[in-house]
Amino acid sequence: MPTYRSLFRTPEFTPLFLGTAAQTAAQTVGGLALGTLVYRATGSPLLSAVSMFGPSLAQVLGATVLLSGADRLPPRTALSAIALTFAAGTAFQALPGLPVGVVLAVVLVLGLVASLGGGVRWGLLNEILAKEGYLPGRSLFNMMSGLMQIAGFATGGALLTALSPRVCLLLSAALYLTAALVLRLALTARPPRTAGRPSARATWRANSLLWSSRSRRLTYLGLWLPNGLVVGCESLYVSYAPHAAGTLFACGALGMFAGDVTVGRLLPPAVRRRLAAPLLLLLATPYLLFAAHPPLPVAMVCVTLASAGFGASLVQQERLMELTPDELAGQALGLHSAGMLTMQGVSAALAGTVAQVTSPAAGMTTMAAGSVLVTLALATAGRRSPEPEPEPALKQEPGPAAATGVAGAAGAHRG
């Protein structure tokens, strides 16, 4: 297995890593600022949760009509354009006097744009790294995400005590702009991985193939549901502890970092493959203690411990790639990302609704209990799932690029 150090010697890995880091920092600072802005304006846990996680709600539409673009658009152009769009949208949200409805509408538009991001990014990583570099590469990105969230939420929380949420949103927009410049100037222009035009029809055809395997369906559900329900718990940090939400988010990022290091580098493959369900149970169980309204120090320990369970996604993604035809790697990972983020947005709205009529602690406990039940059900179904059989490649639909064959196939690489 490649070492982390060797990954940075791989051409284009470093700029993709740095560009993604800047976007993660922007999302962290901007999300906390926007959630705080909306909560101060409305006092609503529901609207605060939706403002932070609302972009995820639009992912379901992108997954059904736009996702074929993950393999059919030039990666450098797509990634830099997405970052620029987020820079503009975040700056717009910082305008004074905007109604909350307009702010939430922009949130949903940005979520629709972002539905392509996961597939394009991980599909490009799949081209950049050799196949055996998949797990350490994605582990390193997850670790970076955890560190950037620790720094971003801690910094964002500190900035919000000294600056207005709107100023913090402008700082977030500047970070998105930085990411766009890094991606545009430092990545190589590559052709699309698959011939043909992005279209709803192509998206549906590939999604149907991906969904046709029972083993893949269970893997997708395991990636989407338990994780998403726990993010519903996280969406209530602002309303549970308005003056310490940044601290709770930072604790969650620290736990996620520890889980990714453990799963990505320390566990042998034979052990790692058996840990998906136990890690998902770890992800949810500590949140059950919020039924007792724990004080902040206890809540910090619970959040840190639970977030180590996010390491389950590395095990599940490795499984997904084993089950997926190579030329669909980008769309397969895009479908994972879009479905996961959609479920996170739905769970944030659901958790906010429960908190609105009960309390944030009750909302967190309810979502955690749901995650535990779903994990147990999927683990039971997985034990009855037969071993997958080899699948045929997806036939290319006619299009202007089809005459020259498939460009940039994902064959020996990981996304």
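Predicted model: local features only at pLDDT ≥ 70, side-chain atom pairs only at ≥ 80, totals over all residues.
Are they buried or exposed? Phe13 is buried, and Phe141 is buried too.

The structure holds 13 aromatic pairs, and Phe13 with Phe141 is one of them: the pair is edge-to-face, with 5.6 Å from centre to centre and 85° between the planes. Next, colour the helices. Phe13 belongs to helix H2 (residues 13-42) and Phe141 to helix H9 (residues 134-162), so this pair ties together parts that lie 128 residues apart in sequence.

What do you get? Ring pairs link Phe8, Phe13, Phe17, Trp122 and Phe141 into a cluster.

Zoom in on Trp122 and bring up two arginines. Arg138 has its charged end over the ring of Trp122, 3.7 Å from the ring's centre. Arg121 also puts its charged end over the Trp122 ring, here 5.7 Å from the centre.

Next stop: select Tyr240 and Phe290. Both Tyr240 and Phe290 are buried. How far apart are the ring centres of Tyr240 and Phe290? The centres are 5.2 Å apart and the planes sit at 70°; planes over 60 degrees apart count as edge-to-face, so that is what this pair is. Now trace the chain around each ring. Tyr240 lies in helix H13 (residues 237-240), while Phe290 is in the loop between helix H16 (276-284) and helix H17 (296-307), so the pair ties together parts 50 residues apart in sequence.

Key
Residues numbered from 1 in each chain as written. Heavy atoms only, no water. Phe/Tyr/Trp six-rings, centres within 6.5 Å; stacked < 30°, edge-to-face > 60°. Helix = DSSP H or I, 4+ residues; strand = E, 2+ residues; numbered from the N terminus. Buried < 20%, exposed > 50% of the residue type's maximum accessible area, 1.4 Å probe, protein only. Lys NZ or Arg CZ within 6 Å of the ring centre and 35° of its normal.
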